[in-house]
Amino acid sequence: QHINQTCRRLSDQGLIVRGTSASGIVNRFRGDVPPQVRLAQREPSSTASEWAWEGNVQSRVATHLAATGWSIIRVADTALRERGVDIIAGRDGQRLLVEVKGWPSSTYARGEHVGQPKPTQPGLQATHWFAEGVTTLIRRSAEPEARRALALPDMPRYRTLLAEAGWALDRLDITVFLVTAKGAVEMWDREN
């Protein structure tokens with residue numbers, strides 16, 4: 001069902017052509033449109049318009065991967081808080097599993113406390129999200145041969161955490177993508 005919804009979105013954007021065959025629905029890239037990803041995320045709250053929201057970071061990284069030769073196999077629906085790997089990409093027989101984290105807001109975006117201040121400061125919450133992202137990548141044992149990556153908004157707190165944990169990320173061979181406020185995607189380098 002998720003794949004069907006995603007393919008309908010891509011068709012609405014003119015990126016793929018949908019048709020039928022004897023075996024069911026067929027989805028293929030249009031010949032005149034290069035394969036790239038333009039995710040139409042639903043906005044769950046006012047935070048969706050913020051550049052550092054997880055869905056925006058995810059969209060930028062998926063688009064960057066597609067532009068650099070990766071095929072996007074799956075993208076989780078961040079707005080609906082879908083569980084599982086946030087981005088799965090493939091290239092030359094290799095799979096890349098990307099865990100995406102955004103920047104926490106200072107107020108609740110949904111639920112009975114919507115609009116009210118959160119008791120945890122964004123910088124502390126970001127520390128927890130960073131640890132959760134790294135731990136999630138370590139625990140992805142179903143595909144031990146897959147490459148792993150962490151995608152984050154380029155925020156000073158995340159850069160501090162990367163500097164502190166860089167040695168471990170290197171040993172675990174975890175790639176880090178940073179998304180800037182202008183939407184550029186950069187690979188984090190421990191040396192910089």
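Modeller: Start with a cut-off: buried means under 20% relative accessible area, exposed means over 50%, and partly exposed lies in between. Keep in mind that this is a predicted model.

Now apply the cut-off. Glu99 has a relative accessibility of 7%, so Glu99 counts as buried. Lys101 also comes out as buried, with a relative accessible area of 7%. Lys101 is found in the loop between β5 and α3.

Next, look at how these two residues meet. The side chains of Lys101 and Glu99 form a salt bridge, at 3.5 Å from N to O. The two side chains are also joined by a polar contact of 3.5 Å.

Lys101 has another polar partner. Its side chain makes a polar contact with the side chain of Glu132, at 2.8 Å. Lys101 then touches Glu54, Val57, Trp129, Glu132, Gly133, Ala151, Leu152, Pro153 and Tyr158.

Go back to Glu99. Glu99 forms a salt bridge with Arg140 too, and the closest N and O atoms are 3.5 Å apart. This pair links distant parts of the chain. Glu99 sits in strand β5, while Arg140 sits in the loop between α3 and β6, 41 residues apart. Arg140 has a relative accessibility of 21%, so Arg140 counts as partly exposed.

Now step back. How many salt bridges does the structure hold? The count is 7. One of them pairs Arg95 with Glu143, whose side chains meet at 2.6 Å from N to O. Arg95 lies in strand β5, residues 94-100, and Glu143 lies in the loop between α3 (122-138) and β6 (147-153), so this pair ties together parts that are 48 residues apart in sequence.

Try the cut-off once more on this pair. Arg95 has a relative accessible area of 30%, so Arg95 is partly exposed. Glu143 has 19% relative accessibility, so Glu143 counts as buried.

Here is the picture to keep. Strand β5 holds Glu99, and the loop between α3 and β6 holds Arg140. Arg95 and Glu143 lie in that strand and that loop as well.

Notes
Residues are numbered from 1 along each chain as its sequence is written. This is a predicted model: local features need pLDDT of at least 70, side-chain atom pairs count only at pLDDT 80 or more; totals for chains, interfaces and linings use all residues. Side-chain values use heavy atoms; hydrogens and water are left out. A salt bridge is a side-chain nitrogen of Lys or Arg within 4 Å of a carboxyl oxygen of Asp or Glu. Helices (H or I, at least four residues) and strands (E, at least two) are DSSP runs, numbered from the N terminus. Buried means under 20% relative accessible area, exposed over 50%, partly exposed in between (1.4 Å probe, protein chains only). A polar contact is a pair of N or O atoms within 3.5 Å; within protein, one must be able to donate a hydrogen and the other to accept it, and residues adjacent in sequence count only if both atoms are side-chain atoms. Contact means heavy atoms within 4.5 Å. Lists of a residue's contacts leave out its neighbours within four places in sequence.
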